[in-house]
Amino acid sequence: MTVDLYARTTSLQGFGGDEIEAYVAVPESVTGFGSVVVIHHMPGFDEATKENTRRFAAHGYAAVCPNLYHREAPGAAADDAAATARALGGVPDERLVGDVAGAMSYLRSLPGSNGKVGVIGYCSGGRQSVLAACSLDLDAAVDCYGAFVTVDPPADRPFRFTSLVDKLPSLACPLLGLFGEEDQYPSPEQTDDLQRRLDELGKDFTRHSYPGAGHAFFAVDRPSYRPEVATEAWGEIWEFFGRHLGSGK
Amino acid sequence: MCTYATELIQIEGSAKGAQGWFRATDATVYFDHPVHFPDGHALLIDIRNPAKGPQHRVALELDARSARELADAIYRALAAVPEDLALGESAPLA
């Protein structure tokens, strides 16, 4: 069952005290709700990401998606902003953590919040979700097919980040990983490696690797969409967030 | 695929985007998720002028075959230029 919601573009204070654009969706007539920070994929703060943000509110969670490219391209179309951010080397990890921290504060300040906040990220946001979970006081995290969590990107790439292997010991909340077996970024071997590392560290990690799915199987506007897998994986998300964040529903 | 592989080059030329013609100074080439082309991945080209802002961009999303044929066609067109026409770099604008 879904609930009514309201959604709008807003701003919040991110890394370094910067005011950045964000999209917020809040369930109506619900109190004691958990909250979710939605980290957009590399194509940016786009329509599909906003739809996902509203989906969390329809399921009883307040959700906010910060525009990680706001600084490079304020007011620009999502695709133009993504192209600009890409050419500049992407989002620095330190800034991502600050922006997610700002989004967490925003969500906890909402009337009706139960104070619990999770994070979910797709594609490049999957890696960033793990990064946030290793850096901030979150209650749950979901990594949807994030690459370069346990391996560094090739040195010739212009992006300014490394693997998260050194940060994994700091993972401080349950992590749900959702992957496609046909994906190569991350590959099944890399997700196996993540599982092994987190098991050795004694972390609470639940992984689902779906046969017949590659990268971006949640993306309803792309040919990579796998409706049966996405439906099952959404079910895993609702169960996971329901257990760790609670819901006012 | 999210390879993050990205080629960045400086260019001299002009491009026509949503804002009309603009001086093109930068190009980005990568193989990743397209915004509009209905396939999982595509060869993406952004012709840009970042000094003028993110909206000064012409975007191309091509399948791999089309991208190769376009590249070959560019080389063929340049190879066919008569010798008496200058093929050097254009003079930088002031």
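These legends describe close-up views of a predicted model.

Local features need pLDDT of at least 70 and side-chain atom pairs count only at pLDDT 80 or more, while totals for chains, interfaces and linings use all residues. Residues are numbered from 1 along each chain as its sequence is written, and side-chain values use heavy atoms, leaving out hydrogens and water.

**View 1. The open sheet of chain B.** Four strands line up in the order 1-2-3-4, with antiparallel pairing. Strands are DSSP runs of E, at least two residues, and helices are runs of H or I, at least four residues, numbered from the N terminus. Pairing requires at least two DSSP bridges. Strand 1 (6–17) and strand 4 (57–62) are the edges, each pairing on one side only. From one strand to the next, the twist averages 25 degrees.

**View 2. Strand pairs in chain B.** Strands 1 and 2 share 10 bridges and are joined by a hairpin through two residues. L8(B) stands opposite T28(B). Strand 2 (20–32) and strand 3 (42–48) pair over seven bridges. Y30(B) partners L44(B); V29(B) partners I45(B).

**View 3. The largest nonpolar core.** Such a core is a set of buried Ala, Val, Leu, Ile, Met, Phe, Trp, Tyr and Cys residues joined through side-chain atoms within 4.5 Å; buried means under 20% relative accessible area (1.4 Å probe, protein chains only). This one holds 85 residues, and F56(A), I120(A), L178(A), F218(A), I237(A) and F241(A) touch the most other members. Helix 6 (227–244) of chain A supplies the largest share, eight residues.

**View 4. Around F241(A).** Contact means heavy atoms within 4.5 Å. Not counting residues up to four places away in sequence, F241(A) touches residues including V36(A), F56(A), Y61(A) and I120(A).

Notes. Chains lettered and ligands numbered in written order. Axes fitted to C-alpha atoms, helices over the stretch in contact; angles between N-to-C directions. Buried < 20%, exposed > 50% of the residue type's maximum accessible area, 1.4 Å probe, protein only.
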